[in-house]
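Here is a friendly briefing to read alongside the model. Please have the sequence and the coordinates open as you go.

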Amino acid sequence: MDSTATDRFDTSRFEAGRPRLASLAYRLTGSAADAEDAVQDAFLHWQAADRQRIEVPEAWLTKVVTNLCLDRLRSARARRERAAGAWLPEPLLDGDPMLGPADTFEQRESVSLAVLTLLERLSPVERAVYVLREAFSYGHAEIAEILEITESASQQHLHRARRRITAAGRRGGEVDAASARRVVEEFLDAASSGRIERLVALLTDDAIAISDGAGLAEKLLQFDTPRRIAAVARAGFKPTPAKRRLAGGTPAVHYALVNGAPAVLFVVGDQIVGAVTFDLADGRIATVRGIAAPARLVRLTEAWRQHGPDTPLVARW
């Protein structure tokens, strides 16, 4: 096989593994944009490597991508953004290959917005061990090789990661699809019509709401009582000419699943201008996340444009 044919063959091998590498990078960084950059950087490493000496390409690429992501998490830019309290995971539309693998509950949970948020409380190495073990089922010997730590250190990191995530209290979980949609539709209806008491009843007693302020606020906006959340939802979901100008038109409101959770999307033309996601617990809403910063909606919009048309919950908001 000549060198050109070898390059084509090796490129094909890399491309076959790209979706898995992107899924790993997304879980590690919480950002689709950072995940894509890490995978592309890994491709450059792959091209520059003596590939004939790489015995197990999947393991080699996993190690490269993991360490590229750890470098990003440790970077000054990432530390500043996360320390400033302005960071939220980037939402992805269900069906996006970056959300895979999703065969088990643990794999689906590891890519939920709730868990991606909780992973921010871990050190970069704890985060890597947790993702490699919980989402990709790597053994501790393999993780130790990837991260260049001992097996016992890998086990300790996993124990600490699980303990911290459990202590933080994962909010939400897998729920019946029909029930989830019904709760979200009731929330949208109550918020749009101003029925504050109904909104309060739909929320758990310890509900929280988080908003990125459409990217205009320096820090995330957080609300932690049902009545305050209901008041904010009423104000936020009430359509006004000013909001339509900010959105660039009159949005349609669609129901969707985002990172496995129910959500409503505000869509102008084929552009998503806002997403509100919900974590449910015992049939009520435990967490509401409002995401409208344009940079966080790029991949969500790209996936939406490939999404088949459906009937909106609200045709003209």
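Predicted model: local features only at pLDDT ≥ 70, side-chain atom pairs only at ≥ 80, totals over all residues.

Residues are numbered from 1 along each chain as its sequence is written, and side-chain values use heavy atoms, with hydrogens and water left out. Helices (H or I, at least four residues) and strands (E, at least two) are DSSP runs numbered from the N terminus.

**Aromatic pairs**

- The structure holds six aromatic pairs; rings of Phe, Tyr and Trp (its six-membered ring) pair if their centres lie within 6.5 Å, and planes under 30 degrees apart count as stacked, over 60 as edge-to-face and the rest as tilted.
- One of them joins F14 and F43, whose ring centres are 5.0 Å apart with planes at 55°, so this pair is tilted.
- F14 belongs to helix α1 (residues 3–29) and F43 to helix α2 (residues 32–48), so the pair links distant parts of the chain, 29 residues apart.
- F14 is buried at a relative accessible area of 0%, and F43 also counts as buried, at 10%; buried means under 20% relative accessible area, exposed over 50% and partly exposed in between (1.4 Å probe, protein chains only).
- W46 and W60 also form a tilted pair, with ring centres 5.9 Å apart and planes at 55°.
- Since W46 lies in helix α2 and W60 in helix α3 (residues 57–74), this pair ties together parts that are 14 residues apart in sequence.
- W46 is buried, at 1% relative accessible area, whereas W60 is partly exposed, at 26%.
- The charged end of R51 sits over the ring of W46, 6.0 Å from its centre; the criterion is NZ of Lys or CZ of Arg within 6 Å of the ring centre and within 35 degrees of the ring normal.
- F187, F237, F266, F278 and W317 form one aromatic cluster.

**The sheet**

- Six strands make an open sheet in the order β2-β1-β6-β5-β4-β3, with mixed pairing; two strands pair if DSSP finds at least two bridges between them.
- At the edges stand β2 (221–223) and β3 (252–258), each with a single partner strand, so one side of each has no neighbour in the sheet.
- Neighbouring strands of this sheet are turned by 20° against each other on average, direction ignored; axes are lines fitted to C-alpha atoms, for helices over the stretch in contact, and angles run from 0 to 180 degrees between N-to-C directions.
- β1 (residues 203–211) pairs with β2 in the antiparallel sense over three bridges, and I210 has Q222 of β2 as its bridge partner.
- β1 and β6 (residues 284–291) run parallel and are joined by five bridges; here the bridge partner of I208 is T287 in β6.

**Helices against the sheet**

- Helix α12 (residues 226–237) lies across β1, β2, β4 (261–268) and β5 (271–281), at about 45° to β1.
- Helix α14 (residues 298–305) lies across β3, β4 and β5, at about 100° to β5.
- Within α14, R299, L300, T301 and W304 are buried, and what covers the buried residues of this helix includes α2, β3, β4 and β5.

- α10 (177–193) and α12 pack at an angle of about 75° with their axes 7 Å apart, which makes α10 roughly perpendicular to α12; angles under 35 degrees count as roughly parallel, over 145 as roughly antiparallel, 65 to 115 as roughly perpendicular and the rest as oblique.
- F187, L188, A191, S192 and S193 of α10 make this contact with A233, R234 and F237 of α12; contact means heavy atoms within 4.5 Å.
- The axes of α7 (residues 124–134) and α9 (residues 151–168) come within 8 Å and cross at roughly 90°, so α7 is roughly perpendicular to α9.
- On the α7 side, V125, E126, V129, Y130, R133 and E134 make the contact, and the residues on the α9 side include H157, L158, A161 and I165.

**A loop glycine**

- G194 has its place in the loop between α10 and α11 (196–202) and is partly exposed, with a relative accessible area of 27%.
- The C-alpha atoms of G194 and L132 are separated by 45 Å, and these residues are 62 residues apart along the chain.
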